[in-house]
Amino acid sequence: MRRSPRPIRYTRLMCFRKVFHEWSRGKNMYAARDMENFRRSCQDLDGNDISDENDADEKDKGHFCNLAFHHGQIKSSPDDVHIDEFHQQWWGKYERLENVHSYIQWLFPIQEPGVNCKAHVLTKKEIKLFRKDKQAKSKLVKSYKLMLDFYGIRLADESTGEVERAPNWKNRFRNLNRHTHNNLRITRILKCLGTLGMKHYQAPLVKFFLHETLVEGHLSNVKQSVLDYFMFAVLDKSERRELVKFALEHFKPQKHFVSGPEENVAQPIENKQRSTVEDNLKRLNKYEAVILNKPTVTNSDQGANENSQCMSENNNITPANMSHGDNDESGPHQTEVSLCQMHDLSGVSDNDSGLQQFKEEASCLMSDIKMKESNETML
């Protein structure tokens, strides 16, 4: 007796899943490259040989626009607001902060363009000057506090960067979970803090979001951005390693944390309850062979960041982070594509250090967990 053909709806669903999986894999490849490029752009920022081809243009204008704004010498555009006015008049104005999309590029400048074409990207020379400017950095901290309040968070300790829930956190968390373009803003804030010499604020904020998403179960629409972007914006390698370790310990289901797609990666070894980073590394090594045989993404695949200085206001997405936010058709959280898959793809080229760096961090985690397991066995 012949088997009846599968329903058309079922066939279409399976095709959609296959296409969606390939598309989401490409998205995470972009995320990995974006964060790897960001970390490389922040190397040697305090050196004496920093120069930039845009510096001459800035000198001709007589000032650096981002520094001038943080000194109160110029207003933002197109909002026409001094930075002190912004801190005084926009604090707690949540509807305005949510709906206006042209201020974040002025408050938190980075080396990449955003949706506001009238804002200015940071040059290497300007970064060097900003990192030594106490007044400008103090204004940056005020902006950081304002945005934390908008997200329902408060800065508990300026010296360590520790953060905690604000009294109004429930209402603000609902807004943050509803409007996922704020994931882009938080990524920009983390990049800005690291670039401008305030990287001690990065890890505490990321740890806060990891705890809220993985432990407390809040902010489901922020969770994937925390794993894709926030965690890998942290410049300090040891702090980043601790964040990865924390995420590994609390991610559920744990087997999806490092493993790749089932068709490309070996399954966990027999005792599933004892699956450790060592098992995941075995799957990583097999998956690496698949990755390294894939062609590298062309410039056209990397979005408008290299081709345009700004994007349409309707998209509401910065080129640097175009793969997460409101226009993300997959939704902001996909557990089918793993952390390892996202961040070993930055090492598609044999000459790229991204894959090697991730494997080194994973190896350290493996050693930690091995030691923990041996201690438990002795007990």
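With 28% relative accessibility, Arg165 counts as partly exposed (buried means under 20% relative accessible area, exposed over 50%, and partly exposed in between, using a 1.4 Å probe and protein chains only). The model is predicted, so local features need pLDDT of at least 70 and side-chain atom pairs count only at pLDDT 80 or more, while totals for chains, interfaces and linings use all residues. Residues are numbered from 1 along each chain as its sequence is written, and side-chain values use heavy atoms, with hydrogens and water left out.

Arg165 pairs up with Glu212 in a salt bridge, at 2.9 Å from N to O (that is, a side-chain nitrogen of Lys or Arg within 4 Å of a carboxyl oxygen of Asp or Glu). Since Arg165 sits in strand 2 and Glu212 in helix 11, the pair ties together parts 47 residues apart in sequence; helices (H or I, at least four residues) and strands (E, at least two) are DSSP runs, numbered from the N terminus. Glu212, at 3% relative accessibility, counts as buried.

A search of the whole structure turns up 9 salt bridges. Another of them joins Asp34 to Lys191, with the closest N and O atoms 3.2 Å apart. This one links distant parts of the chain, 157 residues apart: Asp34 is in helix 1 (residues 8–41) and Lys191 in helix 10. Both Asp34 and Lys191 are buried.

As for helix 9 (residues 169–178), its buried residues include Trp169, Arg172 and Phe173.
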